[in-house]
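Please keep the structure in view while reading.

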Amino acid sequence: PEPSPYPALWIFTLVPLLLGFVLNMRLPFFPEGGERLLLIVLPYLILLVAAGVDELWNYYLLGKAVAALLAVSCIAGIVTFYTTPRYVNHDYRALIGQVVQQGRNGDTYFAVFPWQLGYWRAYVNSNVVDRGSSGNIEMQPSTLADPLLIADGAIEWGPEVSNALDSALDRGTIWFPAPLSFGSTLPGEVEQHLAAQAVNLENRWHGAATRLSAWRKLERPVPLPLSANFGPVALTGAAIAAEDGSTRVASANESIAISLEWQPADGDMALDDLYATIRLRDENGRVWAGRDYGPIGSMAQVSDTAGSETLGLTVPAGLAPDLYRVSVGVGISGTETLLYPAGLAAETDPLADIGEVAVIPPPNPQPISRLPIQTLLDPPEAREG
């Protein structure tokens with residue numbers, strides 16, 4: 001008699017499954033979509049199922065029922081695959097929209113993985129439009145950041161990465177979407193290298209897995225004495241400077257550097273429990289740009305003195321030329337309530353002015369894609385949060 005193929009099929013099916021179980025018990029790090037690694041078992045499993053259906057085909061319709069059940073399961077799986085949103089935690093549409101809106105010519109979109117570059121190519125066309133001389137919607141690639149992929153495969157920190165970062169910083173701002181759900185130390189090493197020689201312009205989470213940061217080479221202004229006591233911490237010095245060292249900045253996504261000096265007070269509340277807010281306001285107190293960061297002191301770099309830190313603020317394109325105030329406030333982490341400086345009544349301004357900048361018209365008209373126009377859209381569908 002011919003030898004039975006079933007023992008071999010069972011071995012080819014069960015042994016990989018058992019090895020995968022043992023490895024996952026020993027090293028319990030299962031990546032998203034890691035079940036695809038077991039696809040090598042699928043042909044043998046299908047052969048076993050087909051043999052079982054064939055053996056049971058004429059016994060009380062059991063074989064036909066099993067085959068029908070499998071067909072229904074396959075159809076349901078296909079429908080689910082094409083109707084369920086994939087990779088919700090890696091939705092780059094809002095992230096790319098921010099880079100397009102707040103970017104400038106010469107900026108770099110710095111990607112670690114090829115799929116990050118794929119998202120840029122797929123989504124940027126839906127964010128960047130402008131009207132040409134004909135009045136029709138046309139693409140303006142020259143207004144985009146330059147996408148840069150370090151390498152096609154897995155890569156670790158080394159001269160290749162540092163040289164690419166240095167070259168990009170010499171051209172303009174680096175926009176870095178740090179993928180923080182893959183267990184790699186590379187994103188932290190990239191940001192540490194950038195922080196040593198550039199000023200942070202943005203640090204914002206997009207979803208639960210990606211943090212977008214922006215970095216640009218700016219001169220750190222020397223803080224001048226200032227007195228603003230917020231209780232747990234006092235602002236004892238501050239200074240602002242545009243990219244050319246003056247206090248004049250064009251409304252073309254140009255940046256200003258802000259240096260702050262903090263002095264913690266004796267008490268139970270540490271700086272880790274506080275956040276700072278920076279706001280660009282007109283003479284009527286209306287906020288036109290701003291950013292929050294925390295904890296206080298997290299922007300400090302090696303070149304900063306003790307208790308000081310330097311960060312950047314982007315002046316949005318299209319801002320009307322005028323004289324604007326740069327103001328600083330302090331709040332308790334986890335709340336939206338700002339602390340009032342000592343000596344001020346509760347109904348007064350909780351922000352302390354640290355300087356003024358003169359916003360001037362940009363040298364060239366700005367693309368529509370950079371204007372901070374708020375457009376109401378239909379709420380996106382949300383599933384499982």
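Predicted model: local features only at pLDDT ≥ 70, side-chain atom pairs only at ≥ 80, totals over all residues.

Angles between axes that are under 35 degrees count as roughly parallel, those over 145 as roughly antiparallel and those from 65 to 115 as roughly perpendicular, while the rest count as oblique. With these limits in mind, consider helix H6, which spans residues 159–171, and helix H7, which spans residues 186–195: their axes cross at roughly 45° and come within 11 Å. H6 and H7 are therefore oblique to each other, and their crossing is right-handed.

The side of this pairing that belongs to H6 is made up of Val161, Ser162, Leu165, Asp166 and Leu169, which meet Val190, His193 and Leu194 in H7. Sorted by class, the contact of H6 with H7 holds five nonpolar residues, two polar ones and one charged one.

A second pairing is found between helix H1, residues 6–26, and helix H2, residues 42–55, whose axes lie 8 Å apart and whose packing angle is about 140°. Because of that angle, H1 is oblique to H2, and the crossing in which H1 passes H2 is left-handed.

Here H1 contributes Tyr6, Leu9, Trp10, Phe12 and Thr13, and these residues meet Tyr44, Leu45, Leu47, Leu48, Ala51 and Glu55 in H2. By class, the contact of H1 with H2 consists of nine nonpolar residues together with one polar and one charged residue.

Definitions and conventions. Residues numbered from 1 in each chain as written. Heavy atoms only, no water. Axes fitted to C-alpha atoms, helices over the stretch in contact; angles between N-to-C directions. Helix = DSSP H or I, 4+ residues; strand = E, 2+ residues; numbered from the N terminus. Left-handed = near helix turned anticlockwise from the far one by under 90°. Contact = heavy atoms within 4.5 Å. Nonpolar A, V, L, I, M, F, W, Y, C, P; charged D, E, K, R; others polar.
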